[in-house]
Amino acid sequence: MADNPSTFSGCAEGGQQWYDLFSRGARDWLRHNEKVRDAVLKKLPDVIAESDLAGGGSGHTVKVPVRLMEHFRFSLAHPDEQTGAGQGETKPGDKLVEPGEKKQGKSRGEGGNNEGGIEFVLELKIDDIIDWLWEELKLPNLEVKAGTTKDDEYTREGWNRRGARSRLDRRRSMKEAIKRRSINPDGPTFINEDLRYRQLVMRRQPATQAVVFFAMDVSSSMRDRDRKLAKTFFFWAMQGLRRQYTCIEPVFIAHTVQAWEFGEDEFFQVRGSGGTVASTAFTTISDIVEQRYDPARFNIYMFYASDGENFRDDHDAAKLTLTRIAGMANYTGYIETPATEERALDTETAAIFDSVAGQGGAIGSYALTNNESVWTAIRGFFRQHAGEKAA
Amino acid sequence: MKGSLEVYGQQMEALAIDQGLDYFPVHFEQVPASFMMEVSIYGLPVRMPHWSFGVRYVHQLIQHQMGHSRLFEVVYPGDPGRAFLAENNSVAENTLVIAHVLGHADFSKNNELFRRSQEEVGYKIVEQAAAHAKRISSAIEQYGAEKVEQILDAALALEAHIDIYKGLRRERYPEYRPDSAGPARTGFHKRFHELPGEEQPVAQEVQRVRADIPPHFERDLLWFIAQYAPDLEDWERDIFLAVREESFYFYPVFACQTINEGWASYWHARLLREADFIPQSEYLDAIKTHSDVVRPHASGDQVSLSLNPYHLGFSMWEKIVETEGLDAAFRIRKEEDDFGFIRNYLTEELAEELNLFQYKKEKSGAISVLDMNLDDLKESILERKYNFGAPRVSATDVGVDGTLHLTHEHGSDGRGLDLGRCEKVLEYTHKVWRRPVTLSTVDARSTPRTVSYPSQ
């Protein structure tokens, strides 16, 4: 036996060992994921281009394929030709792998320098992204349209001795019976006076309903890129509003020289030919508001995307109908996807929005030329909107 | 560790000492397999946090789930040595592991490279690394995770860039050049000037000249940056030097992989053969574990494109003991690292017996077996081990504006650096050096290239 023998200890002795308490690997993996997340958020406008606007609500997520991040080190350039040592029955000249063939020959001892090779899917909650954006863009929280209330909501409140059979509260009734019999133990098991019915009252609640009109010029001059930018803006505007309103409905209007209401799916696919008459869209919107969304009960938003070309003859009609919408809406936004950056917001349509804005009302115009500008527009919209409310 | 394993362990130890193994006592601990895996990823039981370990962790998890890797043992040299055994191993397996660990403990106490490293770094690396981790955790609390991560990004990226020959503890360079007033005055000069008619020499004003920083190619980038980075805070330097200290610990582990694993495998096999105290059934289990560990390639494969260091080292040690005797083996385990071990003791005969071969992989992906040439084969085995497995990059100059110039010795390495990765490492380095950083290397066509960060 050694003078100074080795010692043995096992898990059982000390009870719970410190290493059971946490996993450092998992901790550092989470940190890695945070870094990936940050990197992904910077590229978000591209990421969500495939996502749908209306879908989901709070559980809604986008899936982004990402690679593991590599912690870089100095390493030699990949050689055209390299040698290695192997083991097995071979003879000189044997071809182990033919050109172009992949060999899964990675086994113990081969130091992998290809940690970037694994792809995994990062699932980002839209809500998390929105929260992050609000923080990042320093956006204010919206205020609900003041003074509007709706009062058709029944809420349970208290109990009554009379009521409809369906609202009988058995538990409560049983309690009453027990109370009565504790005073008078010889009484009958149940009498009519024990019964309790749930009572409903009408409550006035602030309106948290909203409708957002997304209108888009789908004439032939709108390119794919323009649609994609508009869609990206619509997406974030929708998500931002969703933060505020528990109940929000999107309505999609596309127009050329006529306007139609579409479901979301077709909306971004639809392609029209011919010219642009914006008033048709505005008219359709105010008709829909009249029929389905009472301005007293709904917060109304309208966003209109176009490349700015509108028929000159339509100027007065467009201005008139737009003024009507602006009067009803919490906010009216114009998103221009100009042919060139220089011409941004120097167009017929921009002029119409400008003149209506001159008459008061919450109206903003933004040019979308690239992914960056989507953030500028989103920030502008929410800042301006919050500002109007605060003022 | 109750019951038979502890008994077997003590008997195994008595046997080992009887056979001539010489080691510091080892503290054995049975831990969950998940903990074993983490330890192997971090290299040390308690180590600083960094996201890159998280990436390795997930890689290991995936490999583990695919059944590729099974951890045998994790052992740390020192006085006492420390070893972790997987608690889900059978008693027979862990008895074998104990014997294996004793082989490692003997190696790390006696091998020159290990001994020198431990004298510098200390005999309590596990505790030291834990202390580093603790200091880094408090730095995170005090200065924030981002700042600490910045330092660790750079320090861990340069982890392999140390100079083991210059040692762990170094003085800063002398600030001035050695006196350059000319050759020392000899008696002859004195007598010459005393000759009539000779003027007295003008007393030369000694002008001290600032020495170049660095005065020579500096391979120890961790040390150089820690010492000479213009605006490094003390706590930041502390982290840099903590990483460097751990690198000095890791070097012998890296440079002695084949010889050390081979030695431990040789001894677990030998001790097991003589361990008559183990019942027959458990003995067979242990033998099976042994053959799993030292098998040449993954089961099912006939040909492997990499060598299993356990297998190669084990076979070499068996041959050495057979042909040269046990005393010679003890001497060799004292003197050699993988370079000397493979160059001096891998014989043509053994290479043939083990069916070792050298292959060539072309750009097209085609792989073909080359003619047998023992020296070339050895170089192929050792190729990735030179210089701590990293390209030779030195600090060569600091410009007047504080720019750090690095030079890659592409001649010695045979080709240039991967320029994309290079720029990323310079970016990490820049965040610590806080002045521009440049690096000279060559590209794929051997044209000189300079990479800079921030790029010019």
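**Close-up views of a predicted two-chain model**

View 1. Beyond its neighbours within four places in sequence, B:Ile225 is in contact with B:Phe240, B:Val432 and B:Trp433 (contact: C-beta atoms, placed from the backbone, within 7 Å of each other). The model is predicted: local features need pLDDT of at least 70 and side-chain atom pairs count only at pLDDT 80 or more, whereas totals for chains, interfaces and linings use all residues. Residues are numbered from 1 along each chain as its sequence is written, while chains are lettered from A and ligands numbered from 1 in the order in which they are written. B:Ile225 belongs to the largest nonpolar core, of 126 residues, where B:Leu102, B:Ala155, B:Leu222, B:Ile225 and B:Ile239 touch the most other members. A nonpolar core is a set of buried Ala, Val, Leu, Ile, Met, Phe, Trp, Tyr and Cys residues joined through C-beta atoms within 7 Å. A residue is buried if 20 or more other C-beta atoms lie within 10 Å of its own, exposed if 12 or fewer, and partly exposed in between, with C-beta atoms placed from the backbone. With nine residues, helix H4 (residues 91–110) of chain B gives the most to this core; helices (H or I, at least four residues) and strands (E, at least two) are DSSP runs numbered from the N terminus. Domain 1 (4–111 + 256–384) and domain 2 (387–453) of chain B each supply at least three residues to this core; domain bounds come from an automatic or database domain assignment. Apart from this core lies another, of 60 residues, including A:Ala210, A:Leu241, A:Met302 and A:Ala377. In soluble globular proteins, nonpolar side chains tend to be buried together.

**View 2. Two domains of chain B.** Taken over C-alpha atoms, the centres of domain 1 and domain 2 of chain B are 36 Å apart.

View 3. Helix H2 (residues 33–42) of chain B is largely enclosed by the rest of the structure, because seven of its 10 residues are buried. Among them are B:Phe35, B:Met36, B:Glu38 and B:Tyr42. Just after H2(B), B:Gly43 has a positive phi of about 85°. B:Leu241 lies in helix H10 (residues 234–255) of chain B and counts as partly exposed because it has 17 C-beta neighbours inside 10 Å. B:Leu241 and B:Val369 stand 128 residues apart along the chain, with 45 Å between their C-alpha atoms.

**View 4. The side of chain B that touches chain A.** In total, 79 residues of chain B are in contact with 62 residues of chain A. Helix H3 (residues 51–65) of chain B provides the largest share of this side of chain B, eight residues. The side comprises 42 nonpolar, 20 polar and 17 charged residues; Ala, Val, Leu, Ile, Met, Phe, Trp, Tyr, Cys and Pro count as nonpolar, Asp, Glu, Lys and Arg as charged, and the others, Gly among them, as polar.

**View 5. Strands joined between the chains.** Strand E3 (residues 82–88) of chain A runs antiparallel to strand E5 (residues 356–361) of chain B, and six bridges join them (two strands pair if DSSP finds at least two bridges between them). A:Gln87 has B:Leu356 as its bridge partner in E5(B).

**View 6. Chain A and its confidence.** Chain A contains 10 helices and 13 strands, and 32% of its 391 residues count as buried. Its mean pLDDT is 77, with 77% of its residues at 70 or more; pLDDT is the predictor's confidence in each residue, from 0 to 100. Residues 11–16 of chain A have pLDDT below 50, and this stretch has five contacts in the model beyond near neighbours in sequence.

Conventions
Contact = placed C-beta atoms within 7 Å.
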